[in-house]
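My entries follow the order in which I looked things up.

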Amino acid sequence: MLYPRNKEARLSLELFKSPTSEYRGTPFWAWNCKIDRTKIADQVKYFKEMGMGGYHIHCRIGLDIEYLSDAFMDLVKTAHKAAKENDMLCWLYDEDRWPSGSAGGYVTKNIENRARFLIFSPKEYREGEAPKNAHRSLLGKYEVMLKDGCLEKYRKLAEKDVPKKDAKLWWAYIEIAGDNPWFNNQAYVNTLDPNAIKEFINITHERYYQVLGEEFGKTIPAIFTDEPQFTHKECLGYADEEKDIKLPFTDDFEATFAITYGESLLEHLPELFWELPESKVSATRYRYHDHLSERFASAFADTVGNWCKAHNIMLTGHLMEEPTLYSQTRALGDAMRSYRSFQLPGIDMLCDWREFSTAKQAQSVSHQYGCPGVISELYGVTNWDFDFRGHKLQGDWQAALGVTVRVHHLTWMSMEGEAKRDYPASIGYQSPWYKEYPLIENHFSRLNTALTRGKAKVRVGVIHPIESYWLHWGPEEQTFEKRAELETNFRNIINWLLFGLIDFDFISEALLPSVSKVEESEHFKVGEMEYEVVLVPACETLRSSTVERLEAFRKAGGKVIFVGEVATYIDAKKSTRAIKLAEGSEKIFFAKSSILKAIRDYRDVEIKKENGSAASNLFYQMREDGKNRWLFICHVNKMNNPDIARAETINIAIWGGWKPTVFDSMSGQSYPYKAKVSKNQTIIEYQFSEHDSLLLYLEPSELDTYPDDRIQCEDKSKEMILKGPVAVTLSEPNVLLLDMAEYSFDGGEWQAKEEILRIDNLFRKQLGYPLRMEALAQPWVNPDNKAPEHTISLRFTIMSDIEVNNPCLALENAEGIEIIVNNVKIPSQATEWYVDKCINKVPIPSLPKGKSEIVLRIPFGNKTNAEWCYLLGDFGVKVAGSHTRIIEPVRNLYFGDWTQQGLPFYGGNVTYHCDIVTEDCNCKVEVPQFRNPILSLSLDGEEKGKIAFAPYRLELGKVNAGKHILEITAFGNRVNTFGAVHNCNHTVEWFGPDAWRTTGNSWAYEYQVKPTGILIGPRVGMIL
């Protein structure tokens, strides 16, 4: 069990205040370089400082030690030992990069294990011929006749059949995936073949079990699988277009399809691509999608999950493309079906998106199968400047939707080369705020001590509509509108229920027969859950097994509500059975008000704003813990304006009589809270700011009121607004980014100034090397370490208004680079490091006022990375478009964007030293606008606390009259130092490697720095 202390009768305040490792986050730890024991020891120490409970050993781009080798496994054992010694958990990961299944290419060296797919083509290929891959063989030849864009006639031709003159000929082939550098010059695995997945287990899971099996289920709780999928489905754009279409398939698919459905798929294959006339539904199309979903779930999830269960370790992780009906259909079939074999189902949340469907699907299966929680890979692709507000808000709404294990994406072992663009930020020591992270981690770990106890109280079940979507996987021109309607309905019912504060679980029709009996009961039982009402949301087809259970439930007095149109198909065959069921049930319009009114009697919580309207930006989770309950309420969407904080008073109505206690997850304290009971409702008035959340412990009580014994008084007050300039100190040297240089290849003529990543790829093209923006095989695959045979020279021109004393040059792999400063060769001997231990600091001579030149001669080979460099020192920097200039050092700042005041590329912390004069008072500080992850405040040298969340205020306590020094440390981020400073497409959300290599109008040589610092004057309040 992941949470053994949950067996205790009551949550101890000691555990709540200081949660143990299993309740804490466990980041992806990117093994992306040449690893050694020292790196492991150092970073485990950093994880501990950040408040983490463990880590996932995750191979990423740059791994330079043979995957799963003895040397690799020795380092895994070292990492596990370090976790154990620090009372942390070591989580495993089952692949070299992702998606899971090929074991770094070892599995798919055998062609029998490679992915297969079906190609439906208007072109006849010679046997074995394939445009991209090496293996293609014929499945069948078809004549197809369309009328008005629909499939009028078709037939599979025998070898001697003569096609009709007016028929169009199509050919079906099965193709085997070819080599791909991303899979280390092999291919992706056949996720429809259990034998291929067994080989994956033999190579990967058995290897880990051999080395660490005694700790499975103890200090090693789970193994993470990442983005398994099948070949993505395609469809025609127009019915009459002629192009190759790809669908997932495998060698024995035709045989198992025939056994399952008693018909040949290949005989009816054209129905997968074209619509039938008169809007008829194709049962063959439906069956293909269903069978494919089952083949995928049984081959991958069941095979791996059963092995994990037998070896006392949980299967966790997430699937590919979980959120929408379209994405699931295309890559998985349906997501919930595969979760059945995950002992800890999971999700992936990138770009700070709000994918409630993804979380709800996983949470529902977790509830129904009695799993200990849900895991989430979160914070990925959010960039360096994603702040603590984002970390808390994203984590909060996921906690409300059942996430109990947070897998932070990403902590890099190294920033060397391409690794620094591997979906930043690094949630680790490279970020200057990492020691402040316990503020976030303690909050979520405390939440988990409560939200993993007992059982979720969910009264509403919703039939998942994915199978109706399958009916419309045809040409875009004919099916797009219907598919869009189904997506909108799917999204709306989720949003209406969740924001309407009606918790619910999805019910998977595919899983239902295995977790639910046909029985006449007033509760609709699905595994561990019992629902009092079931919504059927505009499904066109239902399974007979689903209708059978709904009929029995309805007969026993259970409530079934048909929302919108009633299904006219059962198992994709025309039927009136659902219509008859609906006649004895409740039928309502597909509208928010209709749905919320119909299920009002199944509500447990209602929250109103001060003006009486319903709350519109809150989620909740309620859990039964014996006779008591936990209630968690949080905000969901980001503030419209992050700078204008507006607290609101809300009225929380909880059905029943309860005595509430606040468990403050930010402080670890608990205290009773004022409430009153009226008409069998407990009413609580609470003031909520935009980043707040609330955890209540509810104990049954028959009292009418519960007093609040906290002292709340505010007398006469004064306010002063601080104005600049104020003295500041920097936590690290200022930086001039050196990313633009003149360049020369192999001693040739100097070329005009260009950005260095572009220069690197220009040279790679010239030499025939793979471009760094393309998928590359891992370094361990190519152990050739011969000396580079070429040289790339970079010449930087630096203009300065001052003499720069004792500067340093920060660059990677300094010892192998010839450094020439103003025509003087400099010893390339590193003394320290900058930001990451792979970035060396080399002292260079002082730079004179005026113009200076720095020349780098870099030995260049296939594995060389030409990277940006950094001039460090005590100076300021001015940016004008694409031009930079060194100016006087920064000693003072006005409140405002510090990138405009000499710190355009600076990514460290800045402390503002503010002189204030107060009366005898209780003092508070408000910092309304800042662009920093977090602020830390001290008064007269004594630390007072942090500001990270609305309402951006901190109580300093009692202050004597007189002069004081208020110090505000604004923690930095690396967005202007290592970020995509030439990407001028400001709508970009996806900050992966290509964000640094934009082209056309998305590229600018002018620096695109982001505002940073305390943007307006802080306010000091004095309560007299």
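**Entry 1: ground rules.** I take helices (H or I, at least four residues) and strands (E, at least two) as DSSP runs, numbered from the N terminus. The model is predicted, so I keep to its limits: local features need pLDDT of at least 70, side-chain atom pairs count only at pLDDT 80 or more, and totals for chains, interfaces and linings use all residues. Residues are numbered from 1 along each chain as its sequence is written, and side-chain values use heavy atoms, with hydrogens and water left out.

**Entry 2: two asparagines.** I looked up N680 in the loop between β32 (675-678) and β33 (681-688). N680 is not a glycine, yet its phi is positive, about 60°. Is N680 buried or exposed? I use buried for under 20% relative accessible area, exposed for over 50%, and partly exposed in between (1.4 Å probe, protein chains only). N680 has a relative accessible area of 53%, so I put it down as exposed.

Next I turned to N383. N383 sits in the loop between β12 (374-380) and α11 (388-400). N383 also has a positive phi, about 80°, although it is not a glycine. Its relative accessibility is 2%, so N383 counts as buried.

**Entry 3: cis peptide bonds.** I noted the bond that joins P424 and A425, which is cis with omega about 15°. A425 is in the loop between β14 (411-412) and α12 (438-451). I also noted the bond from G724 to P725, cis with omega near 0°. P725 belongs to the loop between β36 (717-721) and β37 (726-730).

**Entry 4: helix α4.** Which residues of helix α4 (residues 194-203) are buried? I found A196, I197, F200 and I201. Seen down the axis of α4, these buried residues fall within an arc of 145°, so they line one face of the helix. The arc is that of the directions from the helix axis to the C-beta atoms. An α-helix has 3.6 residues a turn, so residues three or four places apart point the same way.

What do the buried residues of α4 pack against? They pack against α5 (205-212) and α7 (283-310); contact means heavy atoms within 4.5 Å. At the start of α4, a side-chain oxygen of D193 comes to within 3.0 Å of the backbone nitrogen of N195.

Entry 5: Q368 is in helix α10 (residues 356-368). With a relative accessible area of 3%, Q368 is buried. Its side chain makes a polar contact with the side chain of Y531 (3.0 Å). A polar contact is a pair of N or O atoms within 3.5 Å; within protein, one must be able to donate a hydrogen and the other to accept it, and residues adjacent in sequence count only if both atoms are side-chain atoms.

F553 is in helix α16 (residues 544-555). At 1% relative accessibility, F553 counts as buried. F553 and K525 are 28 residues apart in sequence, and their C-alpha atoms are 9.1 Å apart in space. Beyond its neighbours within four places in sequence, F553 is in contact with residues including F524, Y531, V533 and V560.

**Entry 6: A970.** A970 lies in strand β58 (residues 962-970). I noted a relative accessible area of 0%, so A970 is buried. Among the residues A970 touches, not counting those up to four places away in sequence, are W898, Y912, L935 and I1014. T1012 is 42 residues from A970 in sequence and 9.3 Å away in space, C-alpha to C-alpha.

**Entry 7: cavities.** On a 1 Å grid over the protein atoms alone, a cavity is a set of points where a 1.4 Å probe fits but cannot get out, and lining residues have an atom within 4 Å of a point. Grid points are joined across faces, edges and corners, and a volume is the space filled by probe spheres set on the points. How many cavities of 30 Å³ or more are there? The count is 10.

The largest cavity holds about 80 Å³. Its lining includes L325, P465, F490 and F590. Helix α14 (residues 476-499) gives the most to this lining, with four residues.

The second largest cavity holds about 60 Å³. Among its lining residues are D334, R337, H464 and E509. The elements that give two or more residues to that lining are α9 (335-339) and α13 (466-470).

Technical notes: On a 1 Å grid over the protein atoms alone, a cavity is a set of points where a 1.4 Å probe fits but cannot get out, and a pocket is an open set with protein on both sides within 12 Å along at least five of seven lines; lining residues have an atom within 4 Å of a point.
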